[in-house]
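The following paragraphs lead the reader through one protein structure, moving from helix packing to sheets and then to a single residue. Please keep the sequence and the model in view while reading.

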Amino acid sequence: MLSLLAVNRAARTIVTGYPARACTTLRSLSTTVGPKQGAHANVASAVTGTAGGAKVLTIDSMNPNIREMEYAVRGAIPIRAEKLREQLKTHPGSLPFKQITACNIGNPQQLEQKPLTFLRQVSALMEYTDLLSPQMIDTTRKLFPEDAIERARRNLSYVGNAVGAYTQSLGIYEVRQDVARFIEERDGFPSSPDNICLTSGASGAVERVIDMLVSSPDVGIMIPIPQYPLYTATLAHVNAQAVPYYLQEDKDWQLSIGDLEHSLAEARAKGTDVRALVVINPGNPTGGCLLESNIAEIVRFCERHRLVIMADEVYQANIYTETNPFVSFKKVVAQLGSDVELFSFHSISKGMVGECGRRGGYYEAVNIDEKVMDQLLKLASVSLCPNVQGQMAVDILVNPPRPGDASYAQYKAEVDDIYQSMKRRAKKLAKAFNSLPNMSCNDAQGAMYCFPRVELPQAFVDEAKAKGQQPDLLYCMQMLEETGISVVPGSGFGQYPGTFHFRSTFLPPENLFDDFIDGFKRFHLGFIARYSPKI
């Protein structure tokens, strides 16, 4: 039904061992040379790859599930963008643009979003603890506000003044307490730190839950179309089935329960053991926000069909509409008194924090069997612990400066400035897309993206197919080559058959935003002129 479903055609072949020639070579080495000489011969073979004329690890012998994985956000276009970036460094003026504008990924600080001062102050103090010593504290107080100093001391006490040491596998207990309080304040319902697991980014949390859900290649997980490629990539990695359902573009990307029912029934009729439903809210790549009534319908649907809900809520602070405020799945589950199993995810990478590289996130597990919780702890233990500075950033995300604190006014001003700027850019970009021929775009109600629909001329579609390329991929590649703007084609996320889209962040700096839009407009108008029928 979709090219996206190629993930379900991942090879079932199990790699059972080394290639026969390699095994024969190893056996002959062990019988024809002495131990010392054999050791040297093995090292030489490993380095030169001449043992029997073949490598042990090849593209054919590797894990076929990894070979089948695709991740469009860092696919062909961003790879090409990096090469062009290097060309601009080594040969300035050799391209028709001055810089690469990376709109392919929600990476705010790459596009000059200012880090939050309080978070960086606390991080600095925790990294260089001598600043808190009696000998230096007077100097430190001249540079850092008192609440940053106290937060650093408080958080250091959780880890024995050693941020370079391992923590508990589920994350620092006191930070998990702060996460639970944040959830209680947000939703008005209880939350327990025992149900919170800190992770190195929300992606790691999603991967861990999918790993727990999948027990055989017959297991399926329902994913939205369009979707964030993390889900299809992870399902391919664990050799499981992606069961797609379509979001409704003409209804601001809401979910249709009828479509959910159809997709589920079709998959189960084919023998797929469908166990979970992924919901991304606010939406990536769509920018849509679900109505509370729609969330309630989804919860009841999962109750009826015994499905675990995976609620990806990392953009919950990025809401730009009054009509569709963010409502968590946890809140709706609690309001309904539902016993549906739920994992919800959050991250420091998005919102106004934007600390993607620090890799901090968490999941909350609701109505999950206690024995499964024990297994989740075991799985977390294999990785020892999450990134400690990421955990500390999560603590500031969920427990920022409060009114009356020395840093509150500055923190609030910085957050408000980032939010208002992002809101303006979201509206401006959607308006620009809607002003162009052969293009339409829903307003971004949330997240960091617009997902415009492009009516590609048939002549161009035919040209792309003749080249063996997806038309929207070729369109986006041409955009990159002419403007330096890097976006992600809709085919990387999945889209309704016969439609073409691309995803663009609205993260370029506001003072450069008009130039970014003008560059895109020039490209698109020129593109339409080139491929329109000549009269």
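In this predicted model, the axes of helix 5 (residues 117-127) and helix 7 (residues 146-158) come within 9 Å of each other and cross at roughly 50°. On the side of helix 5, the contact involves Phe-118, Gln-121, Val-122, Leu-125 and Met-126; helix 7 contributes Asp-147, Ala-148, Ile-149, Arg-151, Ala-152, Asn-155 and Leu-156. Sorted by class, the residues where helix 5 meets helix 7 comprise 8 nonpolar, 2 polar and 2 charged.

Helix 9 (residues 202-213) packs against helix 10 (residues 230-237) at an angle of about 40°, and their axes are 10 Å apart. This angle therefore makes helix 9 and helix 10 oblique to each other. The crossing of helix 9 with helix 10 is right-handed. Ser-203, Val-206, Glu-207 and Ile-210 form the helix 9 side of the contact, while Leu-230, Tyr-231, Thr-234 and Leu-235 form the helix 10 side. In this contact between helix 9 and helix 10, 5 residues are nonpolar, 2 are polar and 1 is charged.

An open sheet is built from 8 strands in the order 2-9-8-7-6-3-4-5, and its pairing is mixed. Its edges are strand 2 (196-199) and strand 5 (254-255); each has a single partner strand, so one side of each is left without a neighbour in the sheet. Within this order, strand 6 (residues 273-280) and strand 7 (residues 308-312) run parallel and are joined by 5 bridges. Leu-277 has Ile-309 of strand 7 as its bridge partner.

Helix 11 (residues 257-269) lies across strand 3 (219-225), strand 4 (241-248), strand 5 and strand 6, and runs at about 160° to strand 4. Helix 12 (residues 292-305) lies across strand 3, strand 5, strand 6 and strand 7, with an angle of about 170° to strand 6.

Another open sheet has 3 strands, in the order 11-15-14, with antiparallel pairing. Strand 11 (449-450) and strand 14 (488-489) are its edge strands, each pairing on one side only. Strand 14 and strand 15 (residues 502-505) run antiparallel and are joined by 2 bridges. Pro-489 has Phe-502 in strand 15 as its bridge partner.

Is Leu-480 buried or exposed? Leu-480 has a relative accessibility of 0% and therefore counts as buried, the limit for that class being under 20%. Leu-480 belongs to helix 18 (residues 471-483). Beyond its neighbours within four places in sequence, Leu-480 is in contact with Ile-77, Arg-80, Ala-81, Leu-84, Phe-97, Ile-100, Ile-485 and Ser-486. Leu-480 and Pro-78 are 402 residues apart along the chain, yet their C-alpha atoms are separated by 9.1 Å.

Terms used. Residues are numbered from 1 along each chain as its sequence is written. This is a predicted model: local features need pLDDT of at least 70, side-chain atom pairs count only at pLDDT 80 or more; totals for chains, interfaces and linings use all residues. Side-chain values use heavy atoms; hydrogens and water are left out. Axes are lines fitted to C-alpha atoms, for helices over the stretch in contact, and angles run from 0 to 180 degrees between N-to-C directions. Helices (H or I, at least four residues) and strands (E, at least two) are DSSP runs, numbered from the N terminus. Angles under 35 degrees count as roughly parallel, over 145 as roughly antiparallel, 65 to 115 as roughly perpendicular and the rest as oblique. A crossing is left-handed if the near helix is turned anticlockwise from the far one by less than a right angle, and right-handed if clockwise. Contact means heavy atoms within 4.5 Å. Ala, Val, Leu, Ile, Met, Phe, Trp, Tyr, Cys and Pro count as nonpolar, Asp, Glu, Lys and Arg as charged, and the others, Gly among them, as polar. Buried means under 20% relative accessible area, exposed over 50%, partly exposed in between (1.4 Å probe, protein chains only). Two strands pair if DSSP finds at least two bridges between them.
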